[in-house]
Amino acid sequence: MNGLDDRIYIEGGHQLKGSIRIQGSKNAALPMMAASLLHRGVSVLKGCPRIADVFCMEEILQNLGAVTWWENQDLYMDCENADKWSVPFLFTGKMRSSVILLGALLARNGKGSLGYPGGCVIGKRPIDLHLLVLRKLGAVITEEAGLLMAECPRLQGTVVSFPKRSVGATQQGILGAVLAEGKTVLENCAREPEIQWLCRYLRSMGAKIEGDGTDRICIYGVERLKAGSMQVPPDRIVAGTYICAAAITRSQITLENPPEGELEAFLEVYRKMGGQYKGNSGKLLVNGEHVQKPVELLETAVYPGFPTDLQSPVMAVLATVKGRSCIRENVFEDRYKAAQQLVKMGADIRVQGKEAVIHGGKEFHGAIVTAWELRGGAALILGALCAKGVTVLEGYSYVQRGYEHICQDLNTLGAAVKRMQE
Ligand code: EPZ
């Protein structure tokens with residue numbers, strides 16, 4: 001994308017009202033797409049989000065020999081002939097979460113190779129835990145000239161204890177173990193909902209998995225898996241982002257299909273700020289009109305703690321709330337890129353290492369700001385919603401990696417967000 005059409009214009013000052021549907025979850029769909037490689041036939045993910053990261057994973061599957069197509073919002077993947085086993089750096093450099101394909105490639109072909117996934121703007125993002133679990137399962141993994149090569153005729157079940165919790169490494173271990181010989185026990189696993197969705201999908205394909213959602217998961221290897229067919233769950237981070245939109249504009253909105261029971265830690269902070277909500281026959285009525293209280297200390301943590309992916313959106317909201325708030329980012333090393341961009345709009349945010357101190361309540365004004373990554377970009381859109389005047393956001397393509405129709409959704413609720421072409 002060139003600079004001009006990678007830009008959106010947001011005219012601030014509009015109250016929001018009305019209701020919207022939440023898209024399918026990016027972070028659930030991606031590992032479910034990798035799992036679809038484990039069946040030599042057609043699998044389908046219903047209600048799959050049409051976002052850049054899904055299209056990238058779709059391209060990787062095609063590159064491996066799969067045939068994919070869409071029927072409305074449903075993504076079909078025919079992996080009968082997906083027998084190639086290498087993923088070029090062209091893809092892994094663009095989307096580091098593609099590293100979880102290594103376990104699936106090993107499980108399907110007995111070997112796999114992929115370009116070493118780079119770090120990204122929110123942190124170094126090493127993959128040592130991914131390699132640890134696959135080596136424990138018997139894979140011989142070498143790295144030369146930036147290419148990871150893994151081989152093992154058939155992975156062998158074993159006990160693997162993760163030294164620290166990692167969503168991707170937990171998914172890597174599950175994808176490697178479902179077709180392995182014997183029983184695998186994964187200890188100190190991540191407990192994010194996306195782990196549970198992956199395991200539900202794999203169980204629907206015939207995998208034998210217990211304990212997902214806890215920190216100890218048991219997987220009993222089977223000989224083969226049948227076709228997968230599952231609805232992608234609503235995206236909990238998109239839902240949290242839209243609740244922040246209601247909070248920052250002090251509006252009332254309705255989420256028609258909120259994720260069930262996956263936002264507790266976020267909603268606790270939202271309530272602390274003065275936010276209100278209530279469930280009503282499956283919908284979530286959100287009232288941000290009384291958001292006015294700072295939060296003394298907000299710490300991000302692994303699930304079920306406060307999700308790091310909602311740290312930047314909540315930072316934007318806290319910058320509009322009178323008083324001193326403090327955020328401590330404990331998961332990623334460099335996830336405050338949005339702060340200096342919010343400062344351009346008038347926010348008072350000082351970053352010191354893992355902490356961001358916010359003196360909220362200053363009025364925001366329109367500015368030209370740049371998104372450097374997905375959730376920081378979303379936070380800038382939120383800041384622009386309450387800014388006086390027009391904000392130009394550059395780097396909108398980062399936001400499109402995870403938000404299927406954020407501009408359209410916000411305009412449906414009464415905002416004024418325009419693409420360059422319009
Ligand atoms: C997943 O990333 C999500 N991505 C991230 O969402 C999310 O922020 C993160 O989990 C935490 O919830 C997808 O699901 C595609 P981790 P992942 O491995 O799996 C370190 C978004 O905006 N680590 O749990 O990469 C790592 O550096 C994205 O949608 C190692 O040290 O996260 C980080 O500090 C951003 N070694 C911490 O663990 C490893 O081998 C948690 O990372 C792997 C990770």
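In the description that follows, Ala, Val, Leu, Ile, Met, Phe, Trp, Tyr, Cys and Pro count as nonpolar, Asp, Glu, Lys and Arg as charged, and the others, Gly among them, as polar. By this division, the shell around the ligand holds eight nonpolar, six polar and nine charged residues.

The structure is a predicted model, in which local features need pLDDT of at least 70 and side-chain atom pairs count only at pLDDT 80 or more, while totals for chains, interfaces and linings use all residues. Residues are numbered from 1 along each chain as its sequence is written, and side-chain values use heavy atoms, with hydrogens and water left out.

The chain is divided into domain 1 (3-23 + 234-419) and domain 2 (26-231), with bounds that come from an automatic or database domain assignment. Their centres, taken over C-alpha atoms, are separated by 30 Å. Domain 1 gives 22 residues to the contact and domain 2 gives 21, where contact means heavy atoms within 4.5 Å. Between the two domains an area of about 1800 Å² is buried, 50% of it from carbon and sulfur atoms; buried area is the accessible area (1.4 Å probe) that two parts lose on being put together, summed over both. On the side of domain 1, Tyr303, Arg401 and Glu404 lose the most area to domain 2, together 33% of what that side buries. Tyrosine 303 is also joined to proline 304 by a cis peptide bond, with omega about 10°.

Of the 23 residues around the ligand, Asp128, Leu129, Ser166, Asp309 and Val331 come nearest; a residue is near a molecule if one of its heavy atoms lies within 4 Å of it.

The helices that give two or more residues to the shell are H1 (26-36), H5 (128-136), H6 (167-177) and H12 (374-385); helices are DSSP runs (H or I, at least four residues), as are strands (E, at least two), numbered from the N terminus. The largest share, three residues, comes from H5.

Arginine 125 lies in the loop between strand E7 (111-115) and H5. Although arginine 125 is not a glycine, its phi is positive, about 55°.
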